[in-house]
Each structure stands twice: as structure tokens, then as C-alpha cells.
Amino acid sequence: MGATIEALHNLQEIEIQIAELQRRIDRKRDACKRQEKQIAGIDRQIETIRRELHVQQKDSDRLNLDLRAHEEQVAKLRDALNTAKNQKEYSAVLTQLNTFKADNSKSEERILELMSAIDEFKKNIAALEAQRAKEHEKLAELEAAAQAAEDKASDRLTKLRAERQEAATGIAPETLDMFNRVAAKNDGEAMAVIMRTHPRRQEYACEGCNMSITIEQVNNVLSRDEAVLCNVCGRILYAEASATAATK
Ligand SMILES: [Zn+2]
């Protein structure tokens, strides 16, 4: 392995550890985000039920007002019934009275229906609010776990970043830029070892993507101390002595 490739390889070892630590933290942060979405879903459900409840409550209030007004009418008609001057007047008032009474009993039925629906909505809201409280507790636990993971990783990350800085000195800026680009695309895995895929024939593949590599590329990797990229996945290829011994 040439000096440049060896330096890149060192860098990659550090890079992978950084990426792994970062992934562990990201996973915990993602769990928090999923939990927040779940809570937002419950909030939306509660809001929908509240709006429906409000509509039914208004209907019920309006019917109650009507009912009270009608009851006053009924009382007046009862008085009129008592003071009716003749049979004809009596019958007319009685018909009116019965119509009002029938209307009122319909309103009462409807009010009862609405009240029972409103009760049901209130129960649903209470159940959802209890669930939301539980989900909030769970979120607090997840957030604490994510914070703990970050705190735990913090010192190690600082140390690894310093090591990376150190490992990067001496590598040409353009090579380093390329390494960083490939690493960012592949979770820190900027390099891939060349694998021999046939015991007798000189056939090779990139460990990163399992696609075959030409002998010409393998020879380039072995003879030049510069980055040779896999044509398929773009990782920087390197060789371990055992795999390529026969080629030398
Ligand atoms: Zn590849």
C-alpha cells in the first residue's frame, strides 16, 4: 500500500467510527421525531372531535331555546283553553296546543340524542387526552435517551474528530476533498477493498458494491500511489496483500 492510500485508509478507519457514533445518535433522534408525529396525530384527532362536538353543542343549545319558547306558548294556550268562550274556539286552541306539544316532544327526543352524542364525544376526547399524556411521557423518555447517547458519545466524537484532523494532514487537499465526498455518500465508508473472486483466475470485485473490477484497475491500484475509484460505486479501491499476491 502506497503512503497516500495508507493515509486514506487510516482516515477511513476513523471516519467509520465517527459515522457509527453519529448513526447511533441519529437513530435515537429519529425515534423522538416519530414519537412527535404520533402525538401530532392524536392532537389532530382531538381537534376534529372538538369541532364536531362544538357543532352538536350549538344545535342542542338552539333546540333548548326553541323548546323553552314553545313551553311558554303551551302555557299560554292552556290558559286560553280555560277561558275559551265556545266549543269552536276551544277546539281550535286544543289543536294548536297539541301541535306544539308534538313538536316539543320531537325536540326533546332530538336534544336527548344530541346529549348522548356529546357525551360520547367527550368520552372519546378524554380517552385521547389520556393516550396523549402517555405518549408525551414516552417522548420524554426517548428524548432523555437521545440526550444521554449524545452526552456519552460527545467526548469520543471530539477525540475522533481530532484524530481525523491529524490523520488528514499530509494528504493532498484535492485527494482529501474527494475522500470526504465519497465518505459522505457512503456513511463514512469511502474505501473498498479489492476481493479476489476466483481461486485460480485473476478475477476481482469491489467489496463495496460486489461488481467486478478489471485487472487493469487492480494493477493501477498496485502500481500507483493514487486514488483509483470503483467504476460502479465510486469508492476508493485498495488492495490487501493476500488478495492480490498472484498479480504482483
Ligand atoms: Zn464498487
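Helix α2 bends by about 40° at Ser154. The bend is the angle between axes fitted to the seven residues ending there and the seven starting there. Helices (H or I, at least four residues) and strands (E, at least two) are DSSP runs, numbered from the N terminus.

This is a predicted model: local features need pLDDT of at least 70, side-chain atom pairs count only at pLDDT 80 or more, and totals for chains, interfaces and linings use all residues. Residues are numbered from 1 along each chain as its sequence is written.

**The helices.** The expected span of a helix is 1.5 Å times one less than its number of residues.

| Helix | Residues | Expected span | C-alpha distance, end to end |
|---|---|---|---|
| α1 | 80 residues | 118 Å | 117 Å |

After α2 comes Gly170, with a positive phi near 95°.

**The domains.** An automatic or database domain assignment sets the bounds. Domain 1 is 3-168 and domain 2 is 190-247. Their C-alpha centres lie 58 Å apart. Seven residues of domain 1 are in contact with seven of domain 2. Contact means that C-beta atoms, placed from the backbone, lie within 7 Å.

**The core.** A nonpolar core is a set of buried Ala, Val, Leu, Ile, Met, Phe, Trp, Tyr and Cys residues joined through C-beta atoms within 7 Å. A residue is buried if 20 or more other C-beta atoms lie within 10 Å of its own, exposed if 12 or fewer, and partly exposed in between; C-beta atoms are placed from the backbone. The largest core has 24 residues. Leu8, Ile194, Ile236 and Leu237 have the most contacts inside it. Helix α1 gives the most to this core, with five residues. Each domain supplies at least three residues.

Which residues does Leu8 contact, leaving aside its neighbours within four places in sequence? They are Ile171, Phe179, Met191, Ala227 and Ile236.

**Along α1.** The buried residues of α1 are Ile5, Ala7, Leu8, Leu11, Gln12, Ile14 and Glu15. Their cover includes α2, α3, β1 and β4. Asp79 also lies in α1. Asp79 is exposed, because 10 other C-beta atoms lie within 10 Å. The C-alpha atoms of Asp79 and Tyr204 are separated by 108 Å. Along the chain, Asp79 and Tyr204 are 125 residues apart.

How values were computed:
Contact = placed C-beta atoms within 7 Å.
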